[in-house]
Protein chains: 4
Amino acid sequence: MKPIRVAVAGANGRMGREVVKMLVQDETFEFVRGISRTQGGKDVGESIGLGSLGVTFSDSLESALLENRPDVLVDFTIPAAVKRHAEIALEMGVRPVVGTTGLAEGEIAELARLSEERRVGAVIAPNFAIGAVLMMMFAARAAKYFPHVEIIEMHHDRKLDAPSGTSLKTAEMIARNRPEIRQGHPEEKETLEGARGGYRHGFRIHSIRLPGMVAHQEVIFGGPGQTLTLRHDSIHRESFMPGVKLAIQKVMNLDRLVYGLEHLLEE
Amino acid sequence: MKPIRVAVAGANGRMGREVVKMLVQDETFEFVRGISRTQGGKDVGESIGLGSLGVTFSDSLESALLENRPDVLVDFTIPAAVKRHAEIALEMGVRPVVGTTGLAEGEIAELARLSEERRVGAVIAPNFAIGAVLMMMFAARAAKYFPHVEIIEMHHDRKLDAPSGTSLKTAEMIARNRPEIRQGHPEEKETLEGARGGYRHGFRIHSIRLPGMVAHQEVIFGGPGQTLTLRHDSIHRESFMPGVKLAIQKVMNLDRLVYGLEHLLEE
Amino acid sequence: MKPIRVAVAGANGRMGREVVKMLVQDETFEFVRGISRTQGGKDVGESIGLGSLGVTFSDSLESALLENRPDVLVDFTIPAAVKRHAEIALEMGVRPVVGTTGLAEGEIAELARLSEERRVGAVIAPNFAIGAVLMMMFAARAAKYFPHVEIIEMHHDRKLDAPSGTSLKTAEMIARNRPEIRQGHPEEKETLEGARGGYRHGFRIHSIRLPGMVAHQEVIFGGPGQTLTLRHDSIHRESFMPGVKLAIQKVMNLDRLVYGLEHLLEE
Amino acid sequence: MKPIRVAVAGANGRMGREVVKMLVQDETFEFVRGISRTQGGKDVGESIGLGSLGVTFSDSLESALLENRPDVLVDFTIPAAVKRHAEIALEMGVRPVVGTTGLAEGEIAELARLSEERRVGAVIAPNFAIGAVLMMMFAARAAKYFPHVEIIEMHHDRKLDAPSGTSLKTAEMIARNRPEIRQGHPEEKETLEGARGGYRHGFRIHSIRLPGMVAHQEVIFGGPGQTLTLRHDSIHRESFMPGVKLAIQKVMNLDRLVYGLEHLLEE
């Protein structure tokens, strides 16, 4: 089987580097071009500490897609750039695989329309960690049988916002599968404000912030005499690579846009 | 809606008591008769410490089913008795819900045949803890994406056998969904025999036995930069009741035998 | 060695029963009398489901201490009664072992004075679970090296107050051993109010309430690249018995009042 | 206060780099020289990616100590070199802080004698992760009250030996504080060989090996109705730096050799 030809926008960014590293180690892929406004002409491998790869950066997405004819464009650049990149790719028949949480619903809808018109597959996912996505899917499933639930998410103490995006997404997926009951003792008293956590969809989310942590989440379901706990621990951004790999493989057989890795796992 | 009429074999046993307690607290059920060879004629509630329920024990299953016309017979008696009970029930048009790990494959097949002939539903399950069953189902699912896995099961220190039945069942369900790779470093050395646990289907099972524990299991999946952990904790046999309740409700609409609670959860 | 003679006030209460059960199973103790205002004259064993013990309830503490000459009085009755009981015991030369969180500082001080005057030992402890006390002591110790910490306490959902008394006591012990730094990102934003938990002594306490839980606490310390977690799980009130046993043994050699089990563990 | 002058042997190794990074960020220290047989003359900062530090590598330990007069020599080089380095340092009045598990008891004794003769402090530690050392100390302490215990250690799957050195050290420290009882049911049956783990000092050690893990250990103590769990997670070698820092500070006031970080924590 011929390897899938992949170009990477933002190949010198933190996620981009991991993607290039993964691509060059896997024979089913061929890394054909890096795109970077600032690194044009340089060898991608040398720039990111892998040694010469014989693949250079282009400073123009269009030229790169024209010259190198990739099958797929992986894009982990900033939200502001991502939409325009995806449009260019779709119009040139190149399937975009995009990792961002920054797109508005309207923007996603526009890309979906373009993808369908051109019959060119596309994948956009806010989270490429397969373990995290499975945790969310399992949580949604368990909620049907265990309506009592709390979420504890734990991150490093340089994180600005609490609770995490993943915990809010999980809460939303759980909420769809259970009646909104208000948990805990009806006359519960919080003698220390905030102790019971943040209240959402009838249940609680708790955010821990400590040095020595990276990105972790526990969803605990309780019923009489038993608890069921789903936990995901991510300690390095290489944890996203199996999800990126899966998306590249699956997008080859799509003729529309898929939003969310969970829809690639559901088969 | 009319309540479902339920008789309980072994209503004075440890599980039977919990079942009766659950039935009388739930308006969608009507507890109509207890069956016990030794307690014939006594009030069930008084025998098991719930106060008079106005429902007596019968010392004959046939008579009880004839007189009280239950819709469902719940049976948590000893394996030796269970098969005969289920046959009697099926022949009299009463749906059996049976909790036992002691039936041979051949016996289950016979009951399945009888159930189908008579078009009377039946449920047999080795484990009624919905949390444990979900953990096993999720583990089987996760194994598709995370072939690296280990199981840690923890029980009280009066347990005789290691590893637990649930861990072996989980291992089997995982094995069906992943290639049998041999995990760990190929040149791994066990400087203390047994430290790496029991080897099964290419991966490891570890059994902890300590006072202060009841019945717990953790399934840990590992991939680059991430782990996914599924954990079930059971501290009381009331944890089986939501599963029993579900089985009673579902068996009403079955016309064949279902083995394993997971098949009632899959819809 | 002669067994230690023990009387139990509130022997028919939930904790009292466990104490009696422990005493009669241990040859180093002799259970000599139960005290109960309502059960006077009855056999203690029969009242609490252990079968006849040949030991009756007295409805008067004074008479019981006079008649049976115990070495120790174990008292798990209500806070309102406990102080008067301890005074009577100390004045009659009987060492009180008291489990309550309800005494005011002034009341404890008065009992301490009386104990010293009479040179009769006494133990009062808000928590007899040795594991919980060790967790608190270890937490206080770890805080010297890990100033970044959060507490997660988990209880059944019928608990009224949050956070738990144990978590507040732990927080206080930690606070004594670390500078009050404010943890987390200085510009941290709580997009869901309460998500970051209750703020106390510069760090956070989180309270989980779910069915299927009993009484659990986790203290997590974080430093660069590492975390240290101390966890206590209590699933039954028998968990308090080793602490009660230790207190009975130690009080025999005391000539003053000791408040808090930790001071009996420190040797 | 004048900063402590520190030289680093093996400053271009994996641990050496972390040490240099820590030293240059902390005003109470002055990094005065790197030692490396292969990097002589080069700027240390440039070699290890920190930018020019104005501190060069020496290829001779003696010259470096003579020229730069450090107070302390930090040494994380290979076991074969470590002993000779420490001898040279002690003879030249420089306090060695050594991280290695490779020294024989006899070698440590010799260094201890030399340290005492010269009245020059020294610290040798097999583990500089303060969290791991606290976990071991707490475990030893808890074993006095909880004789029932099991250890679960978890590492990445490229680790060769099982169980880990830390788990064996922990087991030894626990064993000193509890009678050697044989845990578990006396008639326990292992239906899968190895499931119950490795047997040592009367209890069990379990070794998990999975991708996505780094270095983790759990010590679980069980008693009636309760468990106490001590857990350490290390995900990066920067976790050793607070211990190295503490050792450098403490060695300044020592006039003998201390083996093991625990003895610096005990005050």
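**Chain contacts**

Modeller: Between chain A and chain C there are 20 residue pairs in polar contact, both residues at pLDDT 80 or more. Keep in mind that this is a predicted model.

Biologist: Which strands of chain A supply at least two residues each to the side that touches chain C?

Modeller: Strands S7 (148-155), S8 (161-162), S9 (189-190), S10 (198-200), S11 (203-209), S12 (215-223) and S13 of chain A. S11(A) gives the most, with five residues.

Biologist: And how do the residues on that side of chain A divide: nonpolar, polar, charged?

Modeller: 15 are nonpolar, 16 polar and 13 charged.

Biologist: OK, area. How much do chain A and chain C bury between them?

Modeller: About 3400 Å², with 65% of it on carbon and sulfur atoms. On the chain A side, Leu160(A), Leu192(A) and Leu210(A) lose the most area to chain C. Together they make up 17% of what that side buries.

Biologist: How many residues does the contact take from each chain?

Modeller: 44 from chain A and 44 from chain C.

Biologist: What about strand pairing across to chain C? Which way do S9(A) and S8 of chain C run, parallel or antiparallel?

Modeller: Parallel, joined by two bridges. Glu190(A) has Ala162(C) as its bridge partner in S8(C).

Biologist: Switch to chain B. How many bridges join S13(A) to S13(B)?

Modeller: Nine, and the two strands, S13(A) covering residues 226-234, run antiparallel. For His232(A), the bridge partner in S13(B) is Leu228(B).

Biologist: What is the area buried between chain B and chain A?

Modeller: About 2600 Å², and carbon and sulfur atoms give 58% of that. Phe138(B), Tyr145(B) and Gln226(B) supply 24% of the area chain B buries against chain A, more than any other three residues.

Biologist: Which elements of chain B each put at least two residues on that side?

Modeller: Helix H6 (130-142), strand S13 (226-234) and helix H9 (262-265) of chain B. The residues on that side of chain B divide into 17 nonpolar, nine polar and five charged.

Biologist: And the contact counts? How many residues of chain B touch how many of chain A?

Modeller: 31 residues of chain B are in contact with 30 of chain A. There are 16 residue pairs in polar contact, both at pLDDT 80 or more.

Terms used: Residues numbered from 1 in each chain as written. Chains lettered and ligands numbered in written order. Predicted model: local features only at pLDDT ≥ 70, side-chain atom pairs only at ≥ 80, totals over all residues. Heavy atoms only, no water. Contact = heavy atoms within 4.5 Å. Buried area = accessible area lost by both parts, 1.4 Å probe. Polar contact = N/O pair within 3.5 Å; in protein donor to acceptor, adjacent residues only side chain to side chain. Helix = DSSP H or I, 4+ residues; strand = E, 2+ residues; numbered from the N terminus. Nonpolar A, V, L, I, M, F, W, Y, C, P; charged D, E, K, R; others polar. Pairing = 2+ DSSP bridges.
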